[in-house]
Amino acid sequence: MADIAELTALIEPEVKALGFDLVRVKLFGSGDEYTLQIMAENPATKQLVIEDCATISRRLSDVLDEADPIEEAYRLEVSSPGIDRPLTRLHDFLEWAGHEAKIATAETVAGRKSFRGILKGVEGEEIQFQDNKAGDVAIPFALVGDAKLILTDALISASMPLSSDGADEFETEE
C-alpha cells in the first residue's frame, strides 16, 4: 500500500496551487476496492462546492496518473470535510475552539485514550481540551490518532452553507 506521507507530499502542492487547503489524505479499502480520499477546503469559507471538487479531481487525476504512486487500483474521491469535519492540523483545534469534539489518542493521556468535550484552543503543540469526564486536559498534538467535530446546533450555525438557494428552510437553536 502507498505511503500517506509520500501521497500528501505529491497532492498538497497541487491542491495549494488551485487555491485550496488540504485537510486530509486517506487511502482505505482492501482487495481490489481501494479509495484515495482527498479532503480539501477553500480557506475563506472552510467548504468546497461541487465545481471545486471537480477541479481538484481533474488536476490530481493527471498528477497521480503520471506519478503512479499507488500500485493497487483505486477510486479517487475529492470532498469537502463537511460540518462534522475531521481535525487533522494543529490549527484546526484553534480554529474550532468552543465547539464539541471527540479525540482518540495513540497513547494514554491523563489516564485515557478517548476524549469527548469542548475544544479550548492550542498552547504550543498541545490541544487544550475540556473533557466531559476528565475535566481540563492538555493533549499533545503528536499523540492524536483521530479527532473530529461533533454535530451540534452551534456547529451548524457556525457552518452555514455558502448558498441556501433551493434548500429547505430550517431553524437552529443557539
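Author: Start with the surface. The protein chain exposes about 9,900 Å². Carbon and sulfur atoms supply 47% of that area. Keep in mind that this is a predicted model.

Reader: What share of the residues in the protein chain is buried?

Author: Buried residues make up 37% of the 174 residues. The C-alpha atoms fill a box of roughly 50 × 45 × 30 Å along the principal axes.

Reader: Why is Arg 85 called buried?

Author: The cut-off for buried is under 20% relative accessible area. Arg 85 has a relative accessible area of 1%, so the label buried applies.

Reader: Where is Arg 85 found?

Author: Arg 85 is in the loop between strand S3 (74-79) and helix H3 (90-95).

Reader: Which residues is Arg 85 in contact with, leaving aside its neighbours within four places in sequence?

Author: Contact requires heavy atoms within 4.5 Å. Val 23, Glu 41, Lys 46, Trp 96, Ala 147, Lys 148 and Leu 149 are the contacts of Arg 85. Take Leu 149: Arg 85 and Leu 149 are 64 residues apart in sequence. In space, their C-alpha atoms are 5.6 Å apart.

Reader: What share of contacts in the protein chain joins residues at least 24 apart?

Author: The count takes contacts between residues at least 6 apart in sequence. Of these, 54% join residues at least 24 apart.

Reader: How many helices and strands does the protein chain have, and in what pattern?

Author: There are four helices and eight strands. Along the sequence they follow α-β-β-α-β-α-β-β-β-β-β-α.

Reader: What is the strand order in the open sheet of five strands?

Author: The order is S7-S6-S5-S4-S8, with antiparallel pairing.

Reader: Why do strand S7 and strand S8 stand at the edges?

Author: Strand S7 (135-140) and strand S8 (144-149) each have a single partner strand, so one side of each is left without a neighbour in the sheet. From one strand to the next, the twist averages 40°.

Reader: What makes strand S4 and strand S5 a pair?

Author: Pairing needs at least two bridges. Strand S4 (residues 100-109) and strand S5 (residues 112-123) have six bridges, in the antiparallel sense. Ile 103 stands opposite Phe 115 in S5.

Reader: How many positive and negative side chains are there?

Author: The protein chain has 16 positive and 35 negative side chains. The centres of the two sets lie 5 Å apart.

Definitions and conventions: Residues numbered from 1 in each chain as written. Predicted model: local features only at pLDDT ≥ 70, side-chain atom pairs only at ≥ 80, totals over all residues. Heavy atoms only, no water. Helix = DSSP H or I, 4+ residues; strand = E, 2+ residues; numbered from the N terminus. Buried < 20%, exposed > 50% of the residue type's maximum accessible area, 1.4 Å probe, protein only. Areas by Shrake-Rupley, 256 points an atom, 1.4 Å probe, with all protein chains shown as cover. Lys, Arg positive; Asp, Glu negative; His and termini not counted. Charge placed at Lys NZ, Arg CZ, Asp CG, Glu CD. Axes fitted to C-alpha atoms, helices over the stretch in contact; angles between N-to-C directions.
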